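Please look over the sequence and the model first, and then follow the sections in order.

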Amino acid sequence: MKYVPVLGFEVHIELATKSKMFCGCPADHFGKSPNTQTCPVCLGLPGALPVPNSRAIEWCIKLGLALNCEVNLFSKFDRKNYFYPDLPKGYQISQYDLPFCKQGFLDLSSGKRIQITRVHMEEDTGKLQHAVINDGEKVTLVDFNRSGVPLVEVVTEPDFSNTQETSEFLKELQQIVRVLKISSADMEKGSMRLEANISVRPENQSGLPEYKVEIKNVNSFRFIKKAVEFEILRQTRILESGASPVQETRGFNESKGETFSQRTKEEADDYRYFPEPDIPPFSFEVDKIKEWQSQLPVLPIQNRLELMEKYGLSASNAYIISSNDTMRTIFIRAAEIGEIAAKTLADFLVNKKYGTRFPDSPSELIKLVKSANSVQSEESVLLPVVSEIIAQNPEAVASFKSGKQQSIGFLIGQVRRRLPDADPSATQKLIMDNLSGKSS
Amino acid sequence: MSSDLHHLDISAASAGLRGGKFSSRELVKSCLNQIQKHNSGINAFLTLNEHALEEADQADINLPLGGIPMAIKDNFLTQGLRTTASSKVLDNYIPQYDSTVVEKLKKAGAIILGKTNMDAWAHGSSTETSDYGPTLNPWNTGHLPGGSSGGSAAAVRADMCTFAIGSETAGSIRQPAAWCGITGFKPTYGRISRYGVIAMASSTDSPGPLTKTAVDASTITSLLAGKDPSDATTIPGNYQKILPKNGKKLKIGVAVEYLLPQMKDEVKKLIREAAGVLLRLGMSVEDISLMDPNYSVGVYTIVQRSEVSSNLARYDGIRYGLDRSHFGEEAKRRIMLGTYTLSSGYYDQYYQKALKVRTMIIEDFNRAFRQVDLVIGATSPGPALKVGASRNQPMFGEMEDILVEPSSIAGLTGISVPCGFVDGLPIGLQIIGPQGGEESVFRVALEYQSAVDWHLARPSLT
Ligand SMILES: [Zn+2]
């Protein structure tokens with residue numbers, strides 16, 4: 001039996017607002033000395049009340065709009081109740097049934113559409129530090145600098161078929177967040193955090209499997225890819241052996257390249273969500289949403305489509321070129337000059353034919369492409385390959401000689417498979433010369 | 001004169017201070033003497049401010065409340081002054097910041113005498129659930145003062161302070177005011193900031209004054225009201241002024257469903273008499289019908305317990321306070337019930353349904369307020385109950401607060417003013433107005449107190 005993965009993601013993004021989500025403390029907590037950016041609100045002291053950060057809400061909705069979501073015109077915060085020492089109020093202010101944004105999507109370069117379930121706003125928790133103090137006593141310390149930092153959660157449907165798709169999606173999401181300038185989306189600093197939900201089902205079976213494994217706390221694209229691949233394999237083996245994987249949360253051991261069990265879930269968590277009574281619900285005007293929509297910068301996908309539609313690039317080349325702002329700008333300006341075909345420019349850039357130093361200007365790029373192409377039209381480079389191809393393809397040669405002109409095209413193609421940048425006209429001339437005995 | 005300074009209301013005390021008849025120190029001292037003499041018998045104060053006299057010496061009597069001594073319910077955070085909410089969990093808790101209400105009172109020049117007893121975490125209507133023992137009713141120490149702001153109400157009636165601050169979730173200001181024979185005012189939800197008030201049921205908690213007269217209640221409310229950048233649920237603006245006496249003729253509705261079958265006839269008679277006073281004052285009075293208040297008890301119980309179970313989660317003893325083993329019976333009961341009603345599978349059945357009924361109650365009041373300007377009725381089914389009445393009665397508060405819960409759930413404004421005595425104990429008349437209806441509520445209360453003198457009666461303390 002063949003098994004296929006059921007794979008979805010939850011991505012947390014810490015917003016780079018000036019202040020925290022519900023108080024005036026600075027939101028930028030990275031590298032600050034512990035508990036220096038706190039107040040009664042983010043410490044959960046008695047009587048303290050949350051006041052929502054409207055900039056953070058605007059940014060959350062803009063991210064939702066960039067992910068083609070529908071905005072809930074009526075929305076609210078809810079309390080998610082659970083106990084943990086890094087959660088000073090005993091509940092996290094989050095969103096339950098009315099997230100700011102829902103039902104969006106993101107298209108991959110293959111054209112496959114990944115559905116976005118929701119984009120909602122919540123607050124970050126404090127940070128636990130396990131330490132040894134004084135005479136070797138083991139303690140857990142809590143740093144509340146991160147407590148209450150605005151956090152956006154993006155949840156996808158389990159639409160991914162493989163890690164190539166997840167990698168592209170996650171990188172695209174990171175790019176969108178950066179283009180919107182709402183977060184550094186830096187995974188090492190924890191401002192972008194990934195959580196994969198994985199299960200595996202027989203290919204001929206529809207519906208979701210009865211279990212789900214969450215992989216948490218993996219902080220790089222490379223490692224999440226490895227973790228997911230390991231996990232798909234592990235679960236498939238379990239299923240093949242006739243057993244069923246258990247519902248659990250797993251971490252990833254980077255040095256071993258393996259996932260490991262962190263916590264098994266006997267039952268579903270019951271967070272006892274209810275509407276946050278300290279924050280009145282929100283009503284958004286359609287005009288406000290339109291205004292925010294109109295303020296969105298050009299998104300990566302729009303850049304990609306422009307490259308594909310206007311310059312005729314392939315999806316994969318468009319993806320690579322649009323992923324790099326400098327490359328994209330130089331490409332477009334060089335293509336606009338019109339001296340060299342856009343596709344040739346793109347191939348040159350994508351295949352890194354510029355060597356170690358990236359061209360500074362469109363004119364330098366054009367010069368580099370020209371000189372690179374001129375090398376390949378030089379006889380000394382082309383001739384050995386041409387001779388070899390002729391020697392290897394006696395049938396095509398015979399066919400040509402019998403008058404079938406189109407056979408020359410096949411031979412040129414063979415040469416260019418070996419030398420992708422071989423100048424077609426120079427190659428044709430060399431083949432003709434060779435076959436007509438002009439060449440020595 | 002100076003021996004009875006503690007009897008004065010805010011208006012008279014301010015006039016005396018500004019007219020140079022006595023000093024703030026004398027006024028404060030007079031209240032402190034009263035506390036010293038009677039607190040052991042009444043147990044109204046839990047913690048005293050040791051600096052009250054020094055603060056009195058420095059008081060700026062030109063400020064709105066300059067030099068006026070007052071008491072604060074122990075669920076309002078006071079920077080540097082112990083705040084327990086009458087729970088042993090916070091036995092040693094010294095707040096780092098002032099609640100907005102306290103900050104405003106200090107700015108207005110008020111002198112804080114101390115913190116008053118309450119039902120622990122404000123869970124109750126008797127002050128009997130306090131971990132520091134019950135407060136007793138100044139009219140008869142065999143009886144309860146009501147609650148949860150029982151300490152504040154008793155302190156005002158025992159003349160231990162010129163006025164006090166309380167908080168109401170459902171009757172916690174008006175009911176003890178009624179049982180102690182003083183004026184207690186509940187503003188519209190959001191009118192006065194909750195920032196720094198230890199949360200009980202966030203969606204209905206409303207701070208407000210307990211005073212000797214309706215004029216004083218209006219004075220305090222106007223000083224405390226307004227949008228607070230630290231409380232997202234506060235509403236902008238203040239009420240403008242009390243409606244003038246010669247303004248439009250007010251229509252008063254007597255809520256017939258609030259004259260409960262189990263209510264003593266004497267109580268019903270007093271409410272009818274009060275309606276007669278309003279009629280003589282030129283208002284129109286008619287009987288109106290409101291939704292059976294019993295529905296509100298169900299809604300309130302579910303919403304309040306749910307919010308309590310979440311609001312008390314932070315008291316884990318990790319960063320401040322003592323651990324959870326110090327929670328009393330009532331708090332534990334409420335946490336368990338609230339946790340249950342919010343659990344998956346039960347949420348729709350209880351909390352969601354309660355919210356729907358809450359909307360119906362609000363609509364019912366909206367309908368009533370299209371018919372009349374204000375609604376009156378008894379504040380409580382009867383006079384103060386005997387000490388011990390709440391023991392082993394988990395629904396005690398709800399049954400005693402049955403007549404104030406509907407208006408709390410709807411976020412309305414209301415006042416309780418003394419309207420007579422039954423068995424030597426005071427009875428309260430409540431006047432309920434729509435959200436934002438403070439101006440007309442105060443007008444009726446003021447006019448009523450200009451025509452009667454029930455609010456002037458004071459017990460002889462032994
Ligand atoms: Zn803070």
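**Domains of chain A**

In chain A, the C-alpha centres of domain 2 and domain 3 lie 31 Å apart. The chain is divided into domain 1 (3–294), domain 2 (298–360) and domain 3 (379–440), with bounds that come from an automatic or database domain assignment.

**Basis of the description**

This is a predicted model, in which local features need pLDDT of at least 70 and side-chain atom pairs count only at pLDDT 80 or more, while totals for chains, interfaces and linings use all residues. Residues are numbered from 1 along each chain as its sequence is written, chains are lettered from A and ligands numbered from 1 in the order in which they are written, and side-chain values use heavy atoms, with hydrogens and water left out.

**The annotated active site of chain B**

An unreviewed UniProt entry places the feature "active site" at Lys73(B), Ser148(B) and Ser172(B). These residues are spread over 100 residues of sequence, yet they cluster in space, with a largest C-alpha distance of 11.0 Å. UniProt positions are given here in the numbering of this model, feature names are shortened, and annotations may be inferred rather than shown by experiment.

Lys73(B) belongs to strand β2 (residues 69–73) of chain B; helices (H or I, at least four residues) and strands (E, at least two) are DSSP runs, numbered from the N terminus. Lys73(B) counts as buried because its relative accessibility is 0%, where buried means under 20% relative accessible area, exposed over 50%, and partly exposed in between (1.4 Å probe, protein chains only). Beyond its neighbours within four places in sequence, Lys73(B) is in contact with residues including Lys115(B), Ser148(B), Ser167(B) and Ser172(B); contact means heavy atoms within 4.5 Å.

Ser172(B) is placed in the loop between β4 (163–168) and α6 (174–180) of chain B, and at 4% relative accessibility Ser172(B) is also buried. Apart from neighbours within four places in sequence, the contacts of Ser172(B) include Lys73(B), Gly147(B) and Ser148(B). The side chains of Ser172(B) and Ser148(B) make a polar contact (2.9 Å). Such a contact is a pair of N or O atoms within 3.5 Å; within protein, one must be able to donate a hydrogen and the other to accept it, and residues adjacent in sequence count only if both atoms are side-chain atoms.

**Backbone features**

Most residues other than glycine have a negative phi, and most peptide bonds are trans. The peptide bond from Gly147(B) to Ser148(B) is cis, with omega near 5 degrees, and Ser148(B) lies in the loop between β3 and α5 (150–157) of chain B. Trp121(B) is placed in the loop between β3 and α5 of chain B; its phi is positive, near 60 degrees, and at 2% relative accessibility Trp121(B) is buried.

In chain A, Asn217(A) has a positive phi near 55 degrees. Asn217(A) is found in strand β12 (residues 213–218) of chain A and is exposed, with a relative accessible area of 58%.

**The sheet of chain B**

In chain B, 11 strands form an open sheet of mixed pairing, in the order β1-β3-β2-β4-β6-β5-β10-β11-β9-β7-β8. The edges are β1 (45–48) and β8 (284–288) of chain B, each with a single partner strand, so one side of each is left without a neighbour in the sheet. Neighbouring strands are turned by 30 degrees against each other on average, direction ignored. Two strands pair if DSSP finds at least two bridges between them.

Three bridges connect β1(B) with the antiparallel strand β3 (residues 111–116) of chain B, and Lys115(B) in β3(B) is the bridge partner of Thr47(B). β2(B) and β4(B) run parallel and are joined by three bridges, with Ala164(B) in β4(B) as the bridge partner of Ala71(B). β4(B) also pairs with strand β6 (residues 206–211) of chain B in the antiparallel sense over five bridges, where Ala164(B) stands opposite Leu210(B).

**Burial within the sheet**

Six of the six residues of β4(B) are buried. Phe163(B), Ile165(B) and Ser167(B) lie on one side, and Ala164(B), Gly166(B) and Glu168(B) on the other.

Gly377(B) lies in strand β9 of chain B and is buried at 2% relative accessibility. The C-alpha atoms of Gly377(B) and Arg272(B) are separated by 8.8 Å, although the two are 105 residues apart along the chain.

Methods. Axes fitted to C-alpha atoms, helices over the stretch in contact; angles between N-to-C directions.
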